[in-house]
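Please load the model in your viewer and keep the selection panel handy.

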Amino acid sequence: MKVTMRRGEKMLISEMNPDVMTRDQITKVVFGNKYEIDDGTQNGDCIFVFGGTYIDRVEKAVELYKNGRAPYILFTGGDKWGQRNPPEAVFLRDEAIKRGVSNEAILVEQISNHTKENIMASLIILDRAIGLEKINRMLLVSSPGHMRRCLLMLKTFMPPWYEYVWCPDNRALGQSHNWWTGAEQERRVNDELRKIIGGVKGKYFVDDDISFEDEL
């Protein structure tokens, strides 16, 4: 059964049908509402950077660190089933050090191969370096269109009292205001939308409700 989606309401992700969603609705599910995105006012205990070899993510994490937003940067990501040498997190760490971040402020998780493993493999790293019980808020860095899925997985596998601040990187394309302007970016966002909805329905991560109310 198709669920017709209307403006001005909240809806659980598990109730969504990607085939009937408007551009604005897709944007809010994948990229978040404005109130979910970092406004520069909340500090954290750690900057959590999801795996990959994207310089944009390093630059965003370094920016947050140098602005005093958190005392640690955690880089995640392994060798991608043997495809990466060095592992993603090591590459990201080295780039951060080149940009002036001290090695003592950097944590590295280098055995994971995908987003879920980024989180699960980081639990021991965070516990040994900081203590899971001492963490209250983390600043999340990834590509803009990856943030919702990251958040849902964190809510599934991390301690339930943690707060998260979305700090998407500053890449030129694939942002909430221009993702539909190129065929490849549009395809990626629609694929991500289906991963989000399918992941909830498949019980890979928790459900959540999204507000479709107009934003001021």
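Select helix α3, residues 88–98, and colour its buried residues: E88, A89, V90, L92, E95 and A96. Buried here means under 20% relative accessible area, with exposed over 50% and partly exposed in between (1.4 Å probe, protein chains only). Helices (H or I, at least four residues) and strands (E, at least two) are DSSP runs, numbered from the N terminus.

A word on the model: it is predicted, so local features need pLDDT of at least 70 and side-chain atom pairs count only at pLDDT 80 or more, while totals for chains, interfaces and linings use all residues. Residues are numbered from 1 along each chain as its sequence is written, and side-chain values use heavy atoms, leaving out hydrogens and water.

Next, which elements do the buried residues of α3 pack against? Show β2 (46–49), α2 (55–66), β3 (73–76) and β4 (106–109), and you have them; contact means heavy atoms within 4.5 Å. Then move just past α3 to G100, where phi is positive, at about 100°.

Now zoom out and colour by secondary structure: there are 6 helices and 7 strands. Trace the chain and you will follow β-α-β-α-β-α-β-α-β-α-β-α-β.

Colour by burial, and 50% of the 216 residues count as buried.
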